[in-house]
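Hi everyone, thanks for coming.

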Amino acid sequence: LSQGLPHYTHLLGQGAARAASLDHRTHLTVAHLDAAVAVALRRASETVRQAYEQSIVRARRGIYPEILLAAVLSPRDAYGAFSVATVRDTLEHIVRREVRGLTNQIAALTEEGRGGALQKLGMGRTARYRFVNPLLEPFILMRGLEQGWATARTPVWLPGVPDPVVNPAEDARAA
């Protein structure tokens with residue numbers, strides 16, 4: 001979740017340990033991590049929160065929160081850049097439908113009026129994008145978890161985590 005950034009690693013570890021302590025537990029659970037995510041989102045820097053909020057302001061048919069999450073979850077090259085095609089593949093898992101016109105929406109995320117969250121590298125069809133502020137990426141991922149878009153129960157996967165084996169009996173109890 002923290003994507004290697006010590007600030008978020010500390011916030012999540014501290015929040016989960018505090019939640020477990022308040023729950024009188026010596027082992028951390030997913031519920032404790034959920035509580036830590038909520039704390040980390042509240043304690044994120046104002047700059048990160050503002051950049052995110054400015055980026056997700058919905059235009060008429062925009063799905064900017066989902067696009068940003070897809071960008072965070074998409075495969076990257078050695079420079080941390082991703083393509084529109086890889087974002088589209090991930091985004092279609094999140095919204096569960098075909099997505100068109102994504103190039104323009106991603107390009108809009110490079111504009112200052114939409115927060116300038118992304119930087120465009122290259123031109124035309126070979127253009128790639130990357131996040132300007134690395135602290136924004138874990139924030140977006142945690143917001144996705146908060147919204148239920150990036151969990152074991154949704155068709156979205158977290159990078160580097162194998163697909164969960166779902167137990168039908170457990171699903172019946174959860175429903």
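I'll talk about one hairpin and then some salt bridges. One thing before we start: this is a predicted model.

Find strand S1, residues 118–121, and strand S2, residues 128–131. How do S1 and S2 pair? They run in the antiparallel sense, with four bridges between them. If you go to Leu121, you'll see that its bridge partner in S2 is Arg128. Six residues sit between the two strands of this hairpin, and Gly122 there has a positive phi near 90 degrees.

I'll walk you through some of them.

Let's start with Arg76 and Glu137, whose side chains meet in a salt bridge at 2.9 Å, N to O. Where do these two sit? Arg76 is in the loop between helix H4 (64–73) and helix H5 (84–95), while Glu137 is in helix H7, residues 136–147. They are 61 residues apart, so this pair links distant parts of the chain. Now, buried or exposed? Glu137 is buried, because its relative accessible area is 11% and the cut-off for buried is under 20%. Arg76 has 29%, so it counts as partly exposed.

Back to Arg128, our strand residue. Which side chain does Arg128 meet in a salt bridge? That would be Asp77, at 3.1 Å, N to O. Here, too, distant parts of the chain are linked: Arg128 belongs to strand S2, Asp77 lies in the loop between H4 and H5, and 51 residues separate them. Both ends are partly exposed, with a relative accessible area of 25% for Arg128 and 28% for Asp77.

My last pair is inside a helix. The side chains of Glu146 and Arg143 form a salt bridge, again given N to O, at 3.1 Å. Why is about one helical turn between them? Because Glu146 and Arg143 are three residues apart in helix H7. Glu146 is partly exposed at 46% relative accessibility, whereas Arg143 is buried at 17%.

How values were computed: Residues are numbered from 1 along each chain as its sequence is written. This is a predicted model: local features need pLDDT of at least 70, side-chain atom pairs count only at pLDDT 80 or more; totals for chains, interfaces and linings use all residues. Side-chain values use heavy atoms; hydrogens and water are left out. Two strands pair if DSSP finds at least two bridges between them. A salt bridge is a side-chain nitrogen of Lys or Arg within 4 Å of a carboxyl oxygen of Asp or Glu. Buried means under 20% relative accessible area, exposed over 50%, partly exposed in between (1.4 Å probe, protein chains only).
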